[in-house]
Amino acid sequence: MMLNTRNSDHRHSPGIPVQATLPTMKKLLIATDFSAAAKHAAEYAYLLAKQLKAGLFLCNTITIPAEVPMSGMIAWPQGESDTLLDDSIEELKRLKAHLEATDRTDTFRPPVDYLNEAGTVGYTVNESAVKQRVDLIIAGAHHQDGLGTFLLGNHTHELIETCATPLLVVPGIASFNPIKKIAFAMDQENPDDDLEQIYQLIDVARLLDAEILLTHIYDGSGHLAKFEKHIGQFLVEISNKANYPKIYYRIIKNDKVETGLDWLCEHGQIDMLAMVHRKHDFLDSILKGSHTKKMATHITIPLLVYPEAQPKL
């Protein structure tokens, strides 16, 4: 069966475990701009696809002037878009050939396909993910690069903000190791809000035979004993319903969320960090910012970003 956690329904009667099934992930989409960071992310994605026995879909977006600030000052010659699209196809073919040529194993070889579109990165990637029934989007971590960043914007942050499909951000220094332990950073105030994403992560962990470490960054405020009791009950319920025993919990004491998660990434022997990206209003985004976006700028291991669950109607 295809892993399509967007349509999963984990609302079951208390105490009744979910029937154990082995889902199969079918396709990963790699958002690429052919940079060194994007090439590294594609190589990582290929190895991950081998572990998941999934197919790969290479996607390149030709940035149109409407996406670029001050676009009225930029001339867009007739036929230029066709030339750029043709060049993009050639680069995609080269990337596909590179990924296939570097695989010298006799194990599963992921099928690789590709497409390109003219438009904004967020719109093109999301549309492609929906049309191709993609289960996971993969992109390289963004790096500040002066004028280019000012003109083109931060596409990694754009994907974090807009993706309705889980997004894996791969840092340029992240080496691939079989994923055996995934940490999930729980909501600081309302851990119950993370239930849908935790069940999605369990589906992925089951494919990888990986452990899940639920973690909470505790700043010293509030009643810790009461919270720990609630989390203990929360953990038992999840394990029983999902019928997946490899789920653990750990509190990390730190005044700042990012500092606590940095410590976990360095000392927790984890292969991937998962977080839920929640929308912020304009003022809140200025004053506090997004923990997910902050982690994406400097994390040294892959960051799995889940979109915020939509309210039930």
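I began with Arg94, which is partly exposed at a relative accessible area of 48%; here buried means under 20% relative accessible area, exposed over 50%, and partly exposed in between, with a 1.4 Å probe and protein chains only. I note that the model is predicted, that local features need pLDDT of at least 70 and side-chain atom pairs pLDDT 80 or more, while totals for chains, interfaces and linings use all residues. Residues are numbered from 1 along each chain as its sequence is written, and side-chain values use heavy atoms, with hydrogens and water left out.

I then looked up the partner of Arg94 and found that its side chain meets that of Glu91 in a salt bridge, at 3.0 Å from N to O; the term stands for a side-chain nitrogen of Lys or Arg within 4 Å of a carboxyl oxygen of Asp or Glu. Glu91 is partly exposed too, with a relative accessible area of 31%. Both residues lie in helix H2 (residues 80–101), and because they are three residues apart there, about one helical turn separates them. Helices (H or I, at least four residues) and strands (E, at least two) are DSSP runs, numbered from the N terminus.

Searching the whole structure, I found nine salt bridges. One of them pairs Arg278 with Asp194, their closest N and O atoms being 2.3 Å apart. This pair links distant parts of the chain, 84 residues apart: Arg278 is in the loop between strand S9 (272–277) and helix H9 (282–287), and Asp194 is in the loop between strand S6 (181–185) and helix H6 (195–208). Both Arg278 and Asp194 are buried.

Another salt bridge joins Asp209 and Lys246, with 2.5 Å between the closest N and O atoms. I placed Asp209 in the loop between H6 and strand S7 (211–218) and Lys246 in the loop between helix H7 (224–242) and strand S8 (247–253), 37 residues apart. Asp209 counts as partly exposed at 43% relative accessibility, and Lys246 is partly exposed at 27%.

I checked the length of H1 (residues 36–52): at 1.5 Å a residue its 17 residues should span 24 Å, and the end C-alpha atoms are 24 Å apart, which agrees; the expected span is 1.5 Å times one less than the number of residues. Just after H1, I found Lys53 with a positive phi of about 55°.
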